[in-house]
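Visitor: Hi! Could you walk me through the charged pairs in this one?
Guide: Happy to, let's take a look together.

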Amino acid sequence: MEGGDDLLVQLETVLESDDLIDEIGFIHPTQFESLDSNSDSNHSQFSNEHFWNKAHKLAISSQILSRLYKSAIKAHSNARKSFKIRAESSIREKYSSVEKYDSDESIEKDLLRHSKSLVILSPNFLTAWNSRKLVLSKEDNINLCINELRPSNLVLSYAPKSESAWSHRRWVIKFIADKFQNLEEIITNESELVKNICEKFKMNYRAWNHRCWLVNYMTKQQVLEELNKSRKWAEMHISDNSCFHFRTVSFFNYFTFLPLSS
(Lines give C-alpha, C1' and ligand atoms only; values in the text may rest on other atoms or scores of the structure.)
Protein backbone atom coordinates (compact mmCIF):
# COMPACT_ATOMS: atom_id res chain seq x y z
CA MET A 1 0.00 0.00 0.00
CA GLU A 2 1.40 3.34 -1.06
CA GLY A 3 2.11 5.93 1.60
CA GLY A 4 0.36 9.27 1.80
CA ASP A 5 3.46 11.23 0.81
CA ASP A 6 3.79 9.28 -2.46
CA LEU A 7 0.10 9.76 -3.18
CA LEU A 8 0.40 13.50 -2.53
CA VAL A 9 3.27 13.73 -5.03
CA GLN A 10 1.12 11.96 -7.61
CA LEU A 11 -1.84 14.28 -7.00
CA GLU A 12 0.29 17.41 -7.25
CA THR A 13 1.97 16.08 -10.38
CA VAL A 14 -1.42 15.65 -12.05
CA LEU A 15 -2.57 19.12 -10.96
CA GLU A 16 0.60 20.75 -12.29
CA SER A 17 0.63 18.81 -15.57
CA ASP A 18 -2.95 19.83 -16.40
CA ASP A 19 -3.62 23.34 -15.09
CA LEU A 20 -6.93 23.46 -17.03
CA ILE A 21 -8.66 20.85 -14.86
CA ASP A 22 -12.17 22.20 -14.28
CA GLU A 23 -13.90 19.35 -12.46
CA ILE A 24 -12.98 16.95 -9.68
CA GLY A 25 -14.79 13.93 -8.34
CA PHE A 26 -14.13 11.32 -5.65
CA ILE A 27 -15.11 7.80 -6.67
CA HIS A 28 -14.73 4.20 -5.59
CA PRO A 29 -11.77 2.39 -7.26
CA THR A 30 -14.15 -0.02 -9.00
CA GLN A 31 -15.52 2.89 -11.04
CA PHE A 32 -12.21 3.77 -12.70
CA GLU A 33 -12.64 1.14 -15.39
CA SER A 34 -16.02 2.56 -16.37
CA LEU A 35 -14.46 6.01 -16.84
CA ASP A 36 -12.24 4.70 -19.63
CA SER A 37 -15.01 2.60 -21.18
CA ASN A 38 -17.35 5.60 -21.29
CA SER A 39 -14.66 7.91 -22.64
CA ASP A 40 -14.40 8.96 -26.29
CA SER A 41 -10.80 7.82 -26.36
CA ASN A 42 -8.92 4.92 -24.82
CA HIS A 43 -6.06 7.21 -23.87
CA SER A 44 -6.12 9.21 -20.66
CA GLN A 45 -3.57 11.84 -19.65
CA PHE A 46 -2.94 10.08 -16.35
CA SER A 47 -4.43 6.88 -15.04
CA ASN A 48 -3.62 4.41 -12.29
CA GLU A 49 -5.51 2.75 -9.45
CA HIS A 50 -5.77 6.02 -7.52
CA PHE A 51 -6.11 8.85 -10.06
CA TRP A 52 -7.72 9.37 -13.48
CA ASN A 53 -7.23 12.52 -15.54
CA LYS A 54 -8.60 13.17 -18.99
CA ALA A 55 -10.26 16.05 -20.88
CA HIS A 56 -9.45 18.32 -17.93
CA LYS A 57 -11.44 16.11 -15.51
CA LEU A 58 -9.87 14.50 -12.45
CA ALA A 59 -11.13 11.51 -10.49
CA ILE A 60 -9.59 10.55 -7.16
CA SER A 61 -10.07 7.22 -5.40
CA SER A 62 -12.11 7.59 -2.23
CA GLN A 63 -10.05 4.87 -0.55
CA ILE A 64 -6.89 7.00 -0.35
CA LEU A 65 -8.47 10.22 0.96
CA SER A 66 -7.45 9.63 4.58
CA ARG A 67 -3.79 9.05 3.69
CA LEU A 68 -3.79 11.94 1.23
CA TYR A 69 -5.37 14.32 3.73
CA LYS A 70 -2.87 13.56 6.50
CA SER A 71 0.10 14.05 4.17
CA ALA A 72 -1.36 17.23 2.70
CA ILE A 73 -1.82 18.72 6.18
CA LYS A 74 1.76 17.86 7.12
CA ALA A 75 3.23 19.20 3.86
CA HIS A 76 1.22 22.42 4.08
CA SER A 77 2.16 22.97 7.72
CA ASN A 78 5.88 22.56 6.96
CA ALA A 79 5.66 24.87 3.93
CA ARG A 80 3.79 27.51 5.92
CA LYS A 81 6.40 27.41 8.69
CA SER A 82 9.20 27.82 6.14
CA PHE A 83 7.36 30.76 4.57
CA LYS A 84 6.94 32.52 7.91
CA ILE A 85 10.56 31.88 8.96
CA ARG A 86 11.77 33.30 5.67
CA ALA A 87 9.52 36.33 6.01
CA GLU A 88 10.85 37.04 9.51
CA SER A 89 14.44 36.57 8.36
CA SER A 90 13.91 38.98 5.49
CA ILE A 91 12.94 41.67 7.96
CA ARG A 92 16.01 41.14 10.16
CA GLU A 93 18.64 40.59 7.50
CA LYS A 94 19.56 41.95 4.09
CA TYR A 95 19.85 39.57 1.14
CA SER A 96 21.08 40.13 -2.36
CA SER A 97 18.24 40.41 -4.90
CA VAL A 98 19.19 37.15 -6.67
CA GLU A 99 19.51 35.10 -3.49
CA LYS A 100 16.23 36.38 -2.13
CA TYR A 101 14.39 35.76 -5.41
CA ASP A 102 15.55 32.15 -5.77
CA SER A 103 14.79 31.01 -2.23
CA ASP A 104 11.59 32.98 -1.80
CA GLU A 105 10.16 31.72 -5.07
CA SER A 106 10.84 28.10 -4.11
CA ILE A 107 9.20 28.51 -0.70
CA GLU A 108 6.18 30.28 -2.18
CA LYS A 109 5.74 27.60 -4.84
CA ASP A 110 5.80 24.88 -2.18
CA LEU A 111 3.19 26.71 -0.10
CA LEU A 112 0.92 27.28 -3.11
CA ARG A 113 1.28 23.68 -4.29
CA HIS A 114 0.51 22.09 -0.93
CA SER A 115 -2.26 24.53 -0.01
CA LYS A 116 -3.97 23.81 -3.33
CA SER A 117 -3.98 20.09 -2.61
CA LEU A 118 -5.28 20.70 0.89
CA VAL A 119 -8.21 22.94 -0.10
CA ILE A 120 -9.21 20.40 -2.74
CA LEU A 121 -9.27 17.65 -0.11
CA SER A 122 -10.78 19.87 2.60
CA PRO A 123 -12.55 22.95 1.15
CA ASN A 124 -13.22 24.55 4.53
CA PHE A 125 -9.62 24.40 5.74
CA LEU A 126 -9.32 28.17 6.23
CA THR A 127 -5.62 28.15 7.10
CA ALA A 128 -4.81 26.75 3.66
CA TRP A 129 -6.89 29.46 1.94
CA ASN A 130 -5.15 32.08 4.08
CA SER A 131 -1.76 30.70 3.05
CA ARG A 132 -2.66 31.43 -0.54
CA LYS A 133 -3.65 34.97 0.42
CA LEU A 134 -0.26 35.47 2.08
CA VAL A 135 1.55 34.65 -1.15
CA LEU A 136 -0.86 36.42 -3.48
CA SER A 137 -0.80 39.66 -1.47
CA LYS A 138 2.82 40.13 -2.61
CA GLU A 139 2.04 39.75 -6.32
CA ASP A 140 2.04 42.51 -8.93
CA ASN A 141 1.14 40.28 -11.89
CA ILE A 142 -2.55 40.44 -12.78
CA ASN A 143 -2.44 37.11 -14.65
CA LEU A 144 -1.20 35.32 -11.53
CA CYS A 145 -4.00 36.95 -9.55
CA ILE A 146 -6.61 35.87 -12.09
CA ASN A 147 -5.20 32.32 -12.05
CA GLU A 148 -5.82 32.26 -8.31
CA LEU A 149 -9.51 31.80 -9.10
CA ARG A 150 -8.78 28.30 -10.44
CA PRO A 151 -8.34 26.40 -7.16
CA SER A 152 -11.76 27.54 -5.95
CA ASN A 153 -13.17 26.53 -9.37
CA LEU A 154 -12.07 22.98 -8.63
CA VAL A 155 -13.60 23.04 -5.16
CA LEU A 156 -16.89 24.44 -6.40
CA SER A 157 -17.12 21.73 -9.07
CA TYR A 158 -17.95 19.21 -6.33
CA ALA A 159 -18.72 21.45 -3.31
CA PRO A 160 -20.81 24.30 -4.79
CA LYS A 161 -21.93 25.51 -1.37
CA SER A 162 -18.46 25.87 0.11
CA GLU A 163 -18.52 29.29 1.76
CA SER A 164 -14.74 29.24 2.12
CA ALA A 165 -14.29 28.88 -1.64
CA TRP A 166 -16.79 31.65 -2.43
CA SER A 167 -15.21 33.90 0.19
CA HIS A 168 -11.75 33.36 -1.30
CA ARG A 169 -13.03 34.32 -4.75
CA ARG A 170 -14.39 37.58 -3.33
CA TRP A 171 -11.05 38.29 -1.70
CA VAL A 172 -9.21 37.70 -5.00
CA ILE A 173 -11.61 39.89 -7.00
CA LYS A 174 -11.40 42.70 -4.45
CA PHE A 175 -7.61 42.42 -4.47
CA ILE A 176 -7.58 42.74 -8.27
CA ALA A 177 -10.00 45.67 -8.13
CA ASP A 178 -7.89 47.54 -5.58
CA LYS A 179 -4.58 46.88 -7.31
CA PHE A 180 -5.34 46.72 -11.03
CA GLN A 181 -8.91 48.01 -11.50
CA ASN A 182 -9.50 45.83 -14.54
CA LEU A 183 -12.65 43.91 -13.75
CA GLU A 184 -15.28 44.03 -16.50
CA GLU A 185 -14.29 40.75 -18.18
CA ILE A 186 -13.61 39.08 -14.83
CA ILE A 187 -17.04 40.03 -13.49
CA THR A 188 -18.74 38.78 -16.67
CA ASN A 189 -16.96 35.42 -16.39
CA GLU A 190 -17.71 35.24 -12.68
CA SER A 191 -21.41 35.83 -13.22
CA GLU A 192 -21.44 33.13 -15.90
CA LEU A 193 -19.77 30.73 -13.47
CA VAL A 194 -22.48 31.38 -10.88
CA LYS A 195 -25.17 30.86 -13.52
CA ASN A 196 -23.71 27.49 -14.55
CA ILE A 197 -23.39 26.34 -10.95
CA CYS A 198 -26.97 27.35 -10.17
CA GLU A 199 -28.13 25.41 -13.23
CA LYS A 200 -26.50 22.24 -11.89
CA PHE A 201 -27.17 22.77 -8.18
CA LYS A 202 -30.52 24.40 -7.51
CA MET A 203 -31.37 26.51 -4.44
CA ASN A 204 -27.75 27.50 -3.94
CA TYR A 205 -28.00 30.51 -1.65
CA ARG A 206 -24.21 30.97 -1.40
CA ALA A 207 -23.80 31.13 -5.16
CA TRP A 208 -26.60 33.71 -5.51
CA ASN A 209 -25.19 35.68 -2.59
CA HIS A 210 -21.86 35.81 -4.42
CA ARG A 211 -23.64 37.07 -7.51
CA CYS A 212 -25.31 39.81 -5.45
CA TRP A 213 -21.88 40.88 -4.24
CA LEU A 214 -20.61 41.04 -7.83
CA VAL A 215 -23.23 43.69 -8.65
CA ASN A 216 -21.16 46.21 -6.70
CA TYR A 217 -18.41 45.92 -9.33
CA MET A 218 -20.62 45.88 -12.44
CA THR A 219 -21.05 48.63 -14.99
CA LYS A 220 -24.50 49.97 -15.76
CA GLN A 221 -24.68 47.86 -18.92
CA GLN A 222 -23.64 44.72 -17.06
CA VAL A 223 -26.34 45.27 -14.42
CA LEU A 224 -28.94 45.67 -17.16
CA GLU A 225 -27.78 42.45 -18.83
CA GLU A 226 -27.96 40.65 -15.48
CA LEU A 227 -31.54 41.82 -15.00
CA ASN A 228 -32.50 40.53 -18.44
CA LYS A 229 -30.83 37.16 -17.92
CA SER A 230 -32.17 36.67 -14.40
CA ARG A 231 -35.69 37.44 -15.57
CA LYS A 232 -35.62 34.37 -17.79
CA TRP A 233 -34.25 32.33 -14.89
CA ALA A 234 -36.99 33.56 -12.55
CA GLU A 235 -39.66 32.55 -15.06
CA MET A 236 -38.25 29.01 -15.15
CA HIS A 237 -37.50 28.69 -11.41
CA ILE A 238 -40.29 30.48 -9.59
CA SER A 239 -39.52 28.74 -6.28
CA ASP A 240 -35.91 29.94 -6.18
CA ASN A 241 -36.17 32.92 -3.84
CA SER A 242 -32.47 33.71 -4.15
CA CYS A 243 -32.98 34.75 -7.76
CA PHE A 244 -35.64 37.26 -6.80
CA HIS A 245 -33.39 38.67 -4.09
CA PHE A 246 -30.63 39.03 -6.69
CA ARG A 247 -32.99 40.92 -8.98
CA THR A 248 -33.91 43.27 -6.13
CA VAL A 249 -30.25 44.01 -5.45
CA SER A 250 -29.63 44.55 -9.16
CA PHE A 251 -32.57 46.94 -9.49
CA PHE A 252 -31.35 49.07 -6.60
CA ASN A 253 -27.87 49.14 -8.06
CA TYR A 254 -29.13 50.04 -11.52
CA PHE A 255 -31.10 52.99 -10.16
CA THR A 256 -27.90 54.43 -8.67
CA PHE A 257 -26.66 54.97 -12.23
CA LEU A 258 -29.74 57.02 -13.17
CA PRO A 259 -29.73 60.81 -12.64
CA LEU A 260 -32.18 62.19 -10.11
CA SER A 261 -35.17 63.92 -11.66
CA SER A 262 -35.36 67.66 -11.05
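Guide: One term before we start: a residue is partly exposed when its relative accessible area lies between the buried range, under 20%, and the exposed range, over 50%. Also, this is a predicted model.

Visitor: Okay, how many salt bridges does the structure hold?
Guide: It holds 17 salt bridges.

Visitor: Why do side chains pair like that?
Guide: Opposite charges can pair when the charged atoms come close.

Visitor: Which residue forms a salt bridge with Arg206?
Guide: That is Glu163, and the closest N and O atoms are 3.4 Å apart. Arg206 sits in helix α10 (residues 205-214) and Glu163 in helix α8, so the pair ties together parts 43 residues apart in sequence.

Visitor: New topic. What does Arg113 pair with?
Guide: Arg113 forms a salt bridge with Glu12, with 3.4 Å between the closest N and O atoms. Arg113 is in helix α4 (residues 97-121) and Glu12 in helix α1 (residues 4-17), so this pair connects parts 101 residues apart in sequence.

Visitor: And is Glu12 buried or exposed?
Guide: Glu12 counts as buried because its relative accessibility is 6%. Arg113, at 25%, counts as partly exposed.

Visitor: Which residues join into one network through shared partners?
Guide: Glu12, Glu16, Asp110 and Arg113 are joined by salt bridges that share partners.

Definitions and conventions:
Residues numbered from 1 in each chain as written. Predicted model: local features only at pLDDT ≥ 70, side-chain atom pairs only at ≥ 80, totals over all residues. Heavy atoms only, no water. Salt bridge = Lys/Arg side-chain N within 4 Å of Asp/Glu carboxyl O. Helix = DSSP H or I, 4+ residues; strand = E, 2+ residues; numbered from the N terminus. Buried < 20%, exposed > 50% of the residue type's maximum accessible area, 1.4 Å probe, protein only.
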